[in-house]
Amino acid sequence: MRRGWVALSLGRPYSGIVPLGAWRNILRLSASLFALLVTIAIAACGGDGNNAGDGVIIEPVTATPTPDAAANGSALHGFVFPIGGGCLPKGDQLMPNAARPYRNGIHEGVDLYGVDNCVAIAGGTPVLAARAGRVIRADLSYKDPTQAEINAYLANPNNESSLDQFRGRQVWVDHGGGIVTRYAHLQSVAPGLGVGTQVTSGQLIAYVGESGTPESVSNPGTEFHLHFEIRVGTGCVAPTALMTVNCSFLGKDLPAAEVRRLFVAAFTP
Ligand SMILES: [Zn+2]
C-alpha cells in the first residue's frame, strides 16, 4: 500500500504544469497525509508501531522531512562533501531511498565507492565533517562482528539493532536545528575525536572502511566505501538511541530525481 500510494502521489513531481513551489507544498501535504494514513493503518491493525506480529515490520510514523522541515529553514545548503574532491554517484541505486533487499528495504544514505565519485576512495581515505557540529557518537571501541553475528543480523535484518550493526563503526555529528549527519562502515575514527568534540566544516573525522558489511567478514577488502546520511527532523536531537523517530533520512519516500535535487542543493554553497 505504502509504495503504491507514494508512487501515485509523488510519481511526477516535474510535470511542467505545476510550479515547483506548488509541488513543494503538495509534497509537504502528501507527507502529512501519509503519516496520518499510516497512523490509521497501525491503529486498525492494533500494532505498536514496531512489529505487527506477522513478521511485517512497521516503521515508526514519521512524516517525510523536507528541507524546510528542519528548524533552520534554508539550512540544508553549504555542506562540504565528506570525501575530499568527491561527488555524488551517478547511479540512483547508491542514493537515499533506493530499494535494498535488506536493511529495512530502503537505503538511507549515499554510498561513496571508488568507482563513481570523481575521486579514488579506498580503505583509509579521509572522511570529512560535512559541516560544523558536535560529535554525538564515535565508535571508538567497535569490534568487527564474527560470521555467526553477521548471520544473526542477516536472519533478522529489519530491526533497528541489526540495521545499526550493518552500518559498522560510525561517527554521528549533530549540527543543530534538527540536522544530524552519520558516517558509516568506518575503518577508524580520527585520533582525538570523541563524543562531545566540536568539529569544524571539512575537519577530518574518520577513515573509510568496510566495517559492518557481510563482505568485511566473508571477503575482506572488497567493500570499502563511505555510507553518508543526512538526517532531519525534530527527533534528530541527542541523545536519541538510533534516531529513527521523527528523524528521517533526507530523501525518504521521495522520487529519485527529487532526492538528487536535495543532495545537490545540500552540497551547494
Ligand atoms: Zn549505504
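The legends below describe close-up views of a predicted model. Residues are numbered from 1 along each chain as its sequence is written. Because the model is predicted, local features need pLDDT of at least 70 and side-chain atom pairs count only at pLDDT 80 or more, while totals for chains, interfaces and linings use all residues.

**View 1. The chain as a whole.**
The chain has 6 helices and 10 strands; helices (H or I, at least four residues) and strands (E, at least two) are DSSP runs, numbered from the N terminus. Of the 269 residues in the chain, 36% are buried. A residue is buried if 20 or more other C-beta atoms lie within 10 Å of its own, exposed if 12 or fewer, and partly exposed in between, with C-beta atoms placed from the backbone. Of the contacts between residues at least 6 apart in sequence, 69% join residues at least 24 apart; a contact requires that the C-beta atoms of two residues, placed from the backbone, lie within 7 Å.

Helix α6 spans residues 256-266, and its buried residues are Val-259, Leu-262, Phe-263 and Ala-266. These residues lie on the same side of α6 because they cover an arc of only 95 degrees around the axis, the arc being that of the directions from the helix axis to the C-beta atoms. An α-helix has 3.6 residues a turn, so residues three or four places apart point the same way. The cover over the buried residues of α6 includes β1 (110-112) and β9 (226-232). Ala-257 and Val-264, on the other side of α6, are exposed.

**View 2. Strand β8 and its partners β2 and β6.**
Strand β8 (residues 204-208) pairs with β2 in the antiparallel sense over 3 bridges; strands pair if DSSP finds at least two bridges between them. Strand β6 (residues 186-189) also runs antiparallel to β8, and 3 bridges join them. Tyr-207 in β8 has Pro-126 opposite it, and Ser-188 also stands opposite Tyr-207.

**View 3. Cys-118 in the loop between β1 and β2.**
Cys-118 is located in the loop that runs between β1 and β2 (126-128). Its phi is near 70 degrees, a positive value in a residue other than glycine. Cys-118 counts as partly exposed because it has 14 C-beta neighbours inside 10 Å.

**View 4. Asn-246 in the loop between β9 and β10.**
The loop between β9 and β10 (248-249) contains Asn-246. Phi of Asn-246, a residue other than glycine, is positive, near 55 degrees. With 19 C-beta neighbours inside 10 Å, Asn-246 is classed as partly exposed.
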